Amino acid sequence: MGNNATADPDIAIRCVDVHKTYCSGDVETPVLRGIDLEIRRGELSVILGASGAGKSTLLNIIGGIDRPTRGEVWCEGRNLAVLDDRHLTEYRRRSVGFVFQFYNLVPTLTALENVETATQIADDPMDPAEALRLVGLDDRRDHFPAQLSGGQQQRVSIARALAKNPLVVFCDEPTGALDANTGRHVLDLLTRLNEQTGATIVIVTHAAPVAQLAHAVLHLTMNGITATRNTRRACAAEISW
Amino acid sequence: MTILARKLRRDFVAARGMLAAVVAIVAFGIAALVGLQTTTNNLTSARDAYYAQCRLADFWVDLKKLPLSALAAVQAIDGVAELRSRLSRPVIVDLPGVSEPVSGLLLSMPATRTPVINDLVLTAGSWFSADGENEVIVSRAFADARGLSPGDPLRLTLDGQQRTLRIVGIGISAEFVYLIPPGGIVPDPANYGVFYLARPFAEDVLGMDGAANSLVGRLTPAARQAPEPVLQALAEQLHPFGVFAVTPLKQQDSNLNLTAELGGLSTMAAMMPLIFLSVSALVLNVLMMRLAAQQRVVVGTLKALGYDNRALFSHFIQVGVIVGLIGAALGLLLGYLLAAGLTAFYQGFFTFPNLSNRLYPGLMAAAVALALVFAVLGSVNGVRAITRLDPAEAMRPPPPPEGGAIVLERWTGAWRRVGFYWQMALRSLFRNRVRSGVGVVAAALGTALLVSTFGMLDSLKYMVQFQFDKVLLADYAVSFRDDLDAGALTEARRLPGVLRAEPLFVVSATLVNANHRHRGAVVGVTPDATMTLPTNTDGSVVPIPPQGLLMARRLAEQLDLAVGDSVWLLPTKGLQTPLQVPVADLVDSLFGLGVYADYDYLNRLIGESAAVSAVRLRTAQTPAERTAFYTELKRLPTLLSVQDMAEERANMWQTFVVKMGSMAYVMILFGAVIFFGAILNGALISLIERQRELATYRVLGYRNGEVGAMYLRETLVLNLGGILLGLPLGWWMLLGMNAQYKNDLYMMPSVITPAGWFWSIGLAIAFVLIAQLIVQRRINCMHWNEALSMKE
Ligand SMILES: Nc1ncnc2c1ncn2[C@@H]1O[C@H](COP(=O)(O)OP(=O)(O)OP(=O)(O)O)[C@@H](O)[C@H]1O
Ligand SMILES: [Mg+2]
């Protein structure tokens, strides 16, 4: 299986029979039950699912933030499921960028400095100013998060994720806290960045229309995951939710 | 990590109010440590240098008369390294324009300057010329108090003969770092001095050719470890020459007082920093736990970005380290100033040639290290909570704050009756148990500090009042050099303005029980005495038993005696035959190792009748009568000393109460820092945590004052609770501090008057209210709209 996982250089991440069960006290909550999936390199993938389906859980697992209860998560020839904390941290540091629903910027750092939080620990980062320019915020680099609108904050967050030049950028509900228009801007930005920089992007959302942007769509339900590919991709301006 | 460093700096600025509170507490703790310990070191090194410089004796022997031919045999005693014989005599000084006879101690010194045991350090003038005829060197404190300088004349009454001497020098000696007149408790530099004469001249005027009545000596290093057997041998060897007292250095008055003071200082130097640094650690803990909660998402994000625990740990622990460092730096500065003040204070208290404030790098390094240890201890909980945080967990919204009912709400009836505001306050207190606990502890310790400070003052006042209102009831205490007969009493009664005179018969004696011995005196008191009343610490008077001895309990314990036991009495008066005397009763006195007996009983024992060594006088004098009274006394050839009790009292009050009172202000300041630091820190944290809630109240139409009142209730509950706990704690601290001053000779009573309690509680509440005012101001200038629109 291990050979199989690393065999195809086009596959960035592969999950094999991933289970996740939360235990709080005596109560066991099974969330993921045998997930198999592949994220292809350079593609924009969307994971769709109803609220509570386990999207964030899955994203955390492939993002190296959490570990599956059972199963394998292969990335760059390593099984994340068996990595210890130190190596998981190393994985997040080198291979992963995150965009959060609520941006999660450090409130006491400026836009530029927030990007620098990522570039300072990366191996081969972009120039942070360049990253801000990519998201169209080079004129806001010295603003603090509180001085930015929600959409601008999310763009800083995207710049922060991209600036590391990561293998994969994970976005958990990147438009969840934004109005429709601003959301479209952010999605447009993500698709353009995917095309321009060739970054692998995984977007998690419960808003089905977003899936039209993706190369690949993964539907997460209680029963498992099903993958489809879009033959024609819409552009962000066309979709609404 | 320059970005994290920048973040740290901004976090610091944002939390500056709260951090300043912690920094202040740390700073005061370090100031207490550095200030008190530096003072202790200053005093200790000044003492050691001074003792070495003057070659201070290891023992003192007072005796009647020792022919110098007998000295060799004493010198030969195993353990005696070196010996100096000298002459010593109480003197009366007649100062121009001063009606009362001033007393002092005359000591002989070699005519030519050689380093001797108990040497002098000259601070002005010169040594004696040739054989020193009619020349005197005067102790510095006395010379200063009376404005005397070299060249001035000085009239001394020696053996009833007046002589006018010329002052050649002013000097000090390690023997009298703390010079207390006989029978006194505190120094009285204006009324008691030491006067040094050249040996040949002293022998001449005292009629002691080829003899001595005082020995000072040094022991071999081995004997110094266990001086008792050597002193025992010494006393036996010297017995034929009438030994009054053999005093080891440990029990010498001046050294004893210095040691007691140093002991008290080191206790404070340990206790105060411990209190402050503990409170600072507790407060910092609260602050860091708050930071952990506040930065939950930031930490989760940084972790998701790939920051490892080590980086985050060192990032957040720096908050504690910086607090510790800033606090320590301020503390070092404050401590140095405190030490300068305290050292100056002790310069007025003790006489040293060079007591100065110095820097002790080792101490400072230790203080910084200690500050860091406590700061890190205080931060580590919060930092651990931060690093333990799982990134997946941190991303999720924090668990809802403990809502739910608190324990108190189970008493539904009572709960409803306390009203809305109190319900709010109580809920908030119970939901933040750790923070509330820290608030209570800080208030308790702050209060304890106030209570023990006021208690210390009250105890000193009580001691002075007790001594002069209960024990020393005379207006004058007049002592004679030799015992007089009953005629002296009749004469004393005839002195101008005297209402009543009571005789005392004082017998220097050694008390022996098995292998315990004590050299002191037995005081014979008449049954109808009203001015010499052996009194228990509780104020009850113990009557003089018709037979046997009444003994200070402290002494009975030292001699291993109980009521009904008998003790060997070896008097230095009368027939000087050893007597076996029963212990009839004990008295719990504050001071001294007093032994009393019935006047006639003691006379019979010794083989005297109606001998008078001293009289106590009650008077009602006009100023003219007073002058006449003194003039007549000065004419008495056997006068040893006259103590004006009112003056003694004023002097003691000045020394203890007034001087210590100024120390109290410093302590009150320290107490204030704890209250302010803890209250402000707690209130500011909860203000930030609840700004959205408070903003909501404001939007609903509550006034600033009403919002502040919610806080006031919380603050009051916490601090009144803390104050209540602090009262017994302070009392207990007072007992501990006073126990430090207890020694073989006296004890400090522990007393807090209602006024003392009142001031402690009043100040504590005042601090609480002032801190609350600051909180209210914060509330008044809070930006409500921002608070409402802000995302946590
Ligand atoms: N720590 C946990 N302990 C117990 N159950 C959990 C825990 N975290 C998540 N769950 C449960 O797992 C399920 C999936 O949660 P998850 O956050 O992955 O859903 P989601 O698809 O991201 O939902 P949403 O669209 O609302 O964000 C939910 O039912 C949630 O209650
Ligand atoms: Mg989710």
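Analyst: Ligand 1 is surrounded by twelve residues, and the closest of them are A:Ser51, A:Gly52, A:Lys55, A:Ser56 and A:Thr57; a residue is near a molecule or strand if one of its heavy atoms lies within 4 Å of it. The ligand lies between chains A and B.

Before going further, please keep in mind that this is a predicted model, in which local features need pLDDT of at least 70 and side-chain atom pairs count only at pLDDT 80 or more, while totals for chains, interfaces and linings use all residues. Residues are numbered from 1 along each chain as its sequence is written, chains are lettered from A and ligands numbered from 1 in the order in which they are written, and side-chain values use heavy atoms, with hydrogens and water left out. The term pLDDT stands for the predictor's confidence in each residue, on a scale from 0 to 100; for chain B its mean is 88, and 97% of the residues of that chain reach 70 or more. The model as a whole scores ipTM 0.80 and pTM 0.82.

Returning to the ligand, we can look at its polar contacts, meaning pairs of N or O atoms within 3.5 Å (within protein, one must be able to donate a hydrogen and the other to accept it, and residues adjacent in sequence count only if both atoms are side-chain atoms). A:Thr57 brings a polar side-chain atom to 2.5 Å from an oxygen atom of ligand 1, whereas A:Gly52 uses a backbone N or O atom, 2.9 Å from a ligand oxygen, and A:Ala53 likewise has a backbone N or O atom at 3.3 Å from an oxygen atom of the ligand. On its own, ligand 1 has 630 Å² of accessible area, and the protein covers 66% of this; such areas come from the Shrake-Rupley method with a 1.4 Å probe, and for residues only the protein chains shown count as cover.

Sorted by class, the shell holds four nonpolar, five polar and three charged residues, where Ala, Val, Leu, Ile, Met, Phe, Trp, Tyr, Cys and Pro count as nonpolar, Asp, Glu, Lys and Arg as charged, and the others, Gly among them, as polar. Helix 2 (residues 55–62) of chain A gives the largest share of this shell, three residues; helices (H or I, at least four residues) and strands (E, at least two) are DSSP runs, numbered from the N terminus.

Chain A also contains an open sheet of four strands in the order 2-1-4-5, with antiparallel pairing, and its edge strands, each pairing on one side only, are strand 2 (27–40) and strand 5 (78–79). Two strands pair if DSSP finds at least two bridges between them; strand 1 (residues 11–24) and strand 2 of chain A are joined by eleven. Among the partners across this pair, A:Ile11 faces A:Arg40 and A:Cys15 faces A:Leu37. The two strands form a hairpin with two residues between them, and A:Gly25 in the turn has a positive phi of about 70°.

Finally, the unreviewed UniProt entry annotates residues 13–239 of chain A as "domain: ABC transporter", and over that stretch the chain is 30% helix and 30% strand, with its end C-alpha atoms 28 Å apart. UniProt positions are given in the numbering used here, feature names are shortened, and annotations may be inferred rather than shown by experiment.
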